[in-house]
Amino acid sequence: MVVVYLAILQGLGALIGVDTGSKGQFATTEAILRNGLIPIGLSVLFGAAVVTWLGWWGDVMRYRVPVRRWVRFVPIAMLVAAVLGANYRNLADQPLSLVLSLIAMTLLVGVGEELMFRGIGVQVFKQAGFTEGKVALWSSLIFGLAHVSNAFGEGSQAIVQAVVVSTSGYFFYLCLRVGGTLLLPMLVHGLWDFGLISNSAGVDPEASPGMVLPILLQVALIVLVIVKRRSISPATGPDTENNADSNTENNADNNTDSNTGCDGEPRTPATRPTPGRH
């Protein structure tokens, strides 16, 4: 499925794409439409068709695997960095059609890639019996490897991009865990890409100081996850056993109280008199 998905993106992009030379892949509205929006839109339709064929919409859209409270920082921080890191000055100098096309394209990237990797991909590993840690690991690695296909257009830089994207994939997986729905990583992913691409859209984009925010956050999140990697899921074990013990004690106390009178003396079951013989 991933191969077909990439064939749609890269193959169709090669067929109908616009060569903008050194101006950048998204220099004009036409370039965004033909290099991005149309191929990505068709890949979204492919992903939706696969989920429909498998009958997985319920499982894909809802993912109820709890996490600890600190993990909520991940989607919140990514949303803030995406909004603050966007190059609004550069976008203000571009035609409205280009800006709207860019918004539509990045949102479709979020929908399509999350549907394929955090939706279908996660469910494939989950139903194969993988542990939650391996589900996160392999779905993120495949997400990163899929971006090696960008080597056709970006050369060796795509290898570095694949490594970085793998870590981003893990953060999007945590967004899925936090929200309990695929809609949250779709939103975070779309805004994240919008913030990044806004710095390179147009013919002569000007660099924005805010573009360092996503980079710094990426590094900070990598360090944070490495340090707290063993405390992502809620604690189980001793705490659970203590709760079970306390529940057992409470039940035992309730049973004792029900068999004991107000004066603390044990109650004797009432017996019915035995009818005498005449």
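Contact here means heavy atoms within 4.5 Å. I'm working from a predicted model.

**Entry 1**

I started with Met78 and looked up what it touches. Skipping residues up to four places away in sequence, Met78 meets Phe171, Phe172, Cys175, Val188, Trp192, Leu217 and Leu221.

**Entry 2: the surface patch**

Then I went to the outside. I found a nonpolar patch on the surface made of Ile76, Val80, Val83, Leu84, Tyr88, Met211, Val212, Leu213 and Leu216, with about 810 Å² of accessible area together. Helix H4 (73-85) and helix H11 (212-227) are the elements that give it two or more residues. H4 gives the most, with 4 residues.

I picked out Leu213, which sits in helix H11. Is Leu213 buried or exposed, or something in between? I'd call it partly exposed, because its relative accessible area is 33%, and that label covers values between 20% and 50%.

**Entry 3: Ser139**

Last stop was Ser139, in helix H7, residues 132-146. I noted Ser139 as buried because its relative accessible area is 2%, and the cut-off for buried is under 20%. So what does the side chain of Ser139 reach? I found the backbone oxygen of Ala136 at 3.2 Å. Leaving aside neighbours within four places in sequence, I logged Phe117, Arg118, Val122 and Phe125 as contacts of Ser139.

Definitions and conventions
Residues numbered from 1 in each chain as written. Predicted model: local features only at pLDDT ≥ 70, side-chain atom pairs only at ≥ 80, totals over all residues. Heavy atoms only, no water. Patch = residues over 30% accessible without salt bridge, like charges linked within 9 Å, V, L, I, M, F, W, Y side chains within 5 Å. Areas by Shrake-Rupley, 256 points an atom, 1.4 Å probe, with all protein chains shown as cover. Salt bridge = Lys/Arg side-chain N within 4 Å of Asp/Glu carboxyl O. Buried < 20%, exposed > 50% of the residue type's maximum accessible area, 1.4 Å probe, protein only. Polar contact = N/O pair within 3.5 Å; in protein donor to acceptor, adjacent residues only side chain to side chain.
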